[in-house]
Amino acid sequence: MLLRDSLRKRGYDVDAVNSAQQCLEHLRTDPADVVVTDVQMSGMSGIDLCVELRQRYPDLLPLVLTGQGGLDTAIAAIRAGAYDFITKPVKVDALAIAVQRALEHLSLQREVQRLRRDVNKDMPIDGIAGSSPAIRETIEMIRRVADSDATVLVTGESGTGKELVARALHRLSPRANEPFVAVNCAAMPAPLLESELFGHVRGAFTDAKRSRAGLFVQAGAGTIFLDEIGEMPIEMQVKLLRVLQERKVRPVGGDEEVPFEARVVTATNRDLETEVEDKRFREDLFYRINVVAIPVPPLRARAGDILLLAQYFLKRIAGRTNKPVQGISGPAARLLMDYDWPGNVRELENSMERAVALCRLDEITVDDLPAKVQEHQSSKIVITTESPGELITLDEMERRYVRQVLNAVGGNKTHAARILGIDRRSLYRRLEEPRHEQKPAESASANHPRTPTPVPPSHASNGHGASSSPPGSGAATGHSGEAE
Ligand SMILES: Nc1ncnc2c1ncn2[C@@H]1O[C@H](COP(=O)(O)OP(=O)(O)OP(=O)(O)O)[C@@H](O)[C@H]1O
Ligand SMILES: [Mg+2]
């Protein structure tokens with residue numbers, strides 16, 4: 001009764017009973033998180049009570065008060081399923097600390113269970129994890145068009161999961177039991193791509209000892225996935241357009257057309273509208289493949305998914321490599337959330353792969369993360385340092401700001417470009433810059449790590465003068481005068 005009152009004073013909701021039997025009866029109607037029990041009691045002992053409790057209530061944590069027998073009793077209690085023991089005479093402070101620890105343990109355990117449930121719940125379609133509004137919209141779109149035969153264009157930055165989306169589209173469609181054939185249009189020169197896609201007849205070229213059906217025909221009534229379509233050589237684009245219009249292919253060297261049934265899904269990380277403007281992609285083909293567009297958001301536009309995905313990869317990788325890694329430390333999680341993931345989900349997956357390999361404890365710590373994630377400064381942080389070593393270039397500053405604006409508008413590039421007062425093409429260029437800088441050959445040629453751009457980018461492409469920038473955008477930046 002005394003312990004009950006002292007714990008109540010500390011804010012816990014406590015009931016006291018007189019025996020193990022009474023405890024079990026009490027729990028039937030009044031569930032509890034923690035049971036504090038003595039060892040020697042008339043009737044059932046505290047040790048036996050622990051065994052009973054662990055069986056009936058796996059989520060309840062027993063604490064045992066040990067006195068007589070000391071360590072042996074304590075060991076027996078822990079073996080029987082006690083979460084902790086407190087030696088007698090009981091100090092209320094020590095008891096309160098043990099109870100608090102148990103409750104914290106429980107709440108963590110519940111959080112893990114909740115996350116686990118969430119991961120499963122939010123994976124309604126084949127391996128696409130995430131619960132952010134942005135990815136939900138993508139998933140919703142996949143569901144809506146999976147049934148139809150419409151040609152689908154999947155767009156999104158590199159590593160966002162476009163192929164995953166294409167496969168999900170196939171698996172959710174009535175064509176799921178037919179073949180799924182993926183072709184990387186960027187990987188082959190035009191003549192090879194043509195014979196791969198449309199097939200060839202015997203003797204069509206030197207090596208063509210036999211005729212061979214192309215992938216359009218091999219896909220049967222399934223799905224043909226034309227990946228990196230933005231990179232398709234222009235001379236192939238006109239041929240593909242005809243094929244899509246006629247729904248027939250003509251094998252290389254043949255003069256008969258063969259009909260095909262497959263559904264066509266394409267993907268690109270390029271902005272095809274810009275490619276069309278720049279005459280690198282045929283406008284008519286663009287309209288033909290863009291019947292339904294499914295945009296896959298960049299990872300930075302689904303901030304809520306970063307930890308969920310990290311945990312998802314962690315579980316998968318740890319399971320595969322038999323490492324006992326369970327979770328991610330608080331500071332490491334913070335860094336993962338602050339980083340802007342230019343390589344998107346693939347970069348996160350690779351980072352977790354590396355982290356699991358390096359990890360020496362049962363959770364991923366800051367040290368296990370790649371240097372650029374550790375060193376990344378959140379774009380929201382105002383740079384106040386005056387030490388020359390920590391200052392960043394204008395280019396870098398510009399890039400961060402562009403990303404921040406993109407983030408703020410949920411990844412909508414048209415909207416972001418309007419706010420920034422530049423056209424979409426310049427926006428893309430600015431986002432792409434880091435890739436050019438990483439070329440080792442360029443940095444080796446100069447003393448400074450970055451090759452200076454011949455024309456200061458802020459003046460050259462700031463919207464004014466660029467034909468496609470919206471009217472007034474130059475004025476909005478306030479740069480027109482200053483630039484001179
Ligand atoms: N939502 C997600 N849930 C789980 N895994 C994902 C998710 N999105 C992407 N991935 C994983 O990230 C990696 C990259 O995905 P994918 O290859 O589909 O991207 P992509 O957009 O086709 O990239 P690229 O443009 O570079 O070809 C894959 O290993 C994929 O399984
Ligand atoms: Mg891909």
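Two strands count as paired if DSSP finds at least two bridges between them, and in this predicted model the bridge partner of F180 in β8 is T223. β5 and strand β8 (residues 223-227) pair in the parallel sense, over 5 bridges.

- The 5 strands form an open sheet in the order β5-β8-β11-β4-β12, with parallel pairing.
- Because β5 (180-184) and β12 (292-295) stand at the edges, each with a single partner strand, one side of each is left without a neighbour in the sheet.
- From one strand to the next, the twist averages 20 degrees.
- Helix α7 (residues 162-171) packs on the sheet, where it touches β4 (152-155), β5, β8, β11 (263-268) and β12, and its direction makes about 165 degrees with that of β11.

**Helices α6 and α7**
- Helix α6 (residues 133-146) packs with α7 at an angle of about 35 degrees, their axes being 9 Å apart, and α6 passes α7 in a right-handed crossing.
- On the α6 side the contact is made by T138, I142 and A146, and on the α7 side by V165, A168 and L169.
- Sorted by class, this contact of α6 with α7 has 5 nonpolar residues, 1 polar residue and no charged residues.

**Helix α13**
- The 16 residues of helix α13 (residues 306-321) should span 22 Å at 1.5 Å a residue, and this agrees with its end C-alpha atoms, which are 22 Å apart.
- Buried in α13 are I306, L308, L309, A310, Q311, Y312, F313 and L314.
- The residue that follows α13 is N322, whose phi is positive, near 60 degrees.

Definitions and conventions: Residues numbered from 1 in each chain as written. Chains lettered and ligands numbered in written order. Predicted model: local features only at pLDDT ≥ 70, side-chain atom pairs only at ≥ 80, totals over all residues. Helix = DSSP H or I, 4+ residues; strand = E, 2+ residues; numbered from the N terminus. Expected span 1.5 Å × (residues − 1). Buried ≥ 20, exposed ≤ 12 C-beta atoms within 10 Å, placed from the backbone. Axes fitted to C-alpha atoms, helices over the stretch in contact; angles between N-to-C directions. Contact = placed C-beta atoms within 7 Å. Left-handed = near helix turned anticlockwise from the far one by under 90°. Nonpolar A, V, L, I, M, F, W, Y, C, P; charged D, E, K, R; others polar.
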